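Here are a few notes to go with the model. Have it open while you read.

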Amino acid sequence: AAPVKVSVEILDTLMNLVSEMVLARNRLLSFAQNSTDVNFSGTVRTIDMITVELQERMMKTRMQPISHVWGKFPRLVRDIAQECDKRVDLFQVGAETELDRTLIESIRDPLVHIIRNSIDHGIELPAERLAKGKSETGNITLRAMHENGMVVIEIVDDGAGINIPLVAQKAISKGIVSAERVAKLSDREILDLIFLPGFSTKESITNLSGRGVGMDVVKNNIQQIGGTVDIATSSSGATNGMLMTRAETPRSFR
């Protein structure tokens with residue numbers, strides 16, 4: 001059947017009504033537990049099953065595959081790679097994973113920024129990759145999956161990784177943290193400095209980076225919708241940025 005366009009306001013109203021129905025169902029269940037009327041208890045069980053199915057169906061009307069966001073990323077990667085004189089292939093895994101439609105747009109900009117960082121900061125120039133024994137073409141993998149009641153989105157590149165000593169040095173030189181404090185931080189805590197306002201490891205400002213406005217904005221935007229962002233680097237050079245979102249409705253990041 002052909003799809004039917006329904007305004008978000010109507011869907012939100014229906015969702016609110018379903019929520020009220022769930023609350024009324026819960027009150028009925030408590031009455032049914034103390035009732036000796038078999039007919040009443042049977043009717044409440046029927047209402048319970050219908051309410052559960054109605055709630056699930058309503059949740060599905062709000063869901064969209066993450067491919068609605070990812071569809072424009074191949075061109076984005078190609079354009080940024082050309083601007084950086086690099087070669088980058090983009091791989092997408094789990095594009096059919098569904099998110100609440102209200103989050104689809106909210107995660108677009110954070111994903112774009114992390115992908116931009118992967119190309120500009122992570123992926124090396126072709127000559128550098130060849131010197132390291134790598135393919136001259138870098139790889140970025142977008143992966144979305146359901147995990148423990150959440151939707152996890154990963155952005156992984158096979159670039160040079162994060163230079164932890166450089167991060168510490170830049171944080172000190174920019175006056176973001178003191179040398180005494182950095183000396184007491186673990187590698188994990190030093191990585192978290194990337195999320196502080198004004199931080200950048202770039203020596204000069206370019207169209208892509210160096211302005212000190214970046215991962216702090218990503219983190220704030222994700223936190224505003226109840227989410228978390230994590231970043232990790234390995235000795236092999238793989239950098240992994242992760243966004244996590246709960247799987248219930250309304251969809252909100254953990």
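1. A word on terms: buried means under 20% relative accessible area, exposed over 50%, and partly exposed in between (1.4 Å probe, protein chains only). Helices are DSSP runs of H or I, at least four residues, numbered from the N terminus. This is a predicted model, where local features need pLDDT of at least 70, side-chain atom pairs count only at pLDDT 80 or more, and totals for chains, interfaces and linings use all residues. Residues are numbered from 1 along each chain as its sequence is written, and side-chain values use heavy atoms, with hydrogens and water left out.

2. Have a look at α6, residues 108-122. Twelve of its 15 residues are buried, among them R108, H113, N117 and D120.

3. Which residues make the contact between α6 and α11? On α6 they are P110, H113, I114 and N117, and on α11 they are M215, V218, N221 and I222, with contact meaning heavy atoms within 4.5 Å. The helices pack at about 150°, axes 9 Å apart, and are therefore roughly antiparallel (angles over 145 degrees).

4. Now the loop between α10 (187-191) and α11, where S200 is found. S200 is buried, at 7% relative accessible area. K170 is 30 residues from S200 in sequence, yet their C-alpha atoms are 7.4 Å apart.

Conventions:
Axes are lines fitted to C-alpha atoms, for helices over the stretch in contact, and angles run from 0 to 180 degrees between N-to-C directions. Helices (H or I, at least four residues) and strands (E, at least two) are DSSP runs, numbered from the N terminus. Angles under 35 degrees count as roughly parallel, over 145 as roughly antiparallel, 65 to 115 as roughly perpendicular and the rest as oblique.
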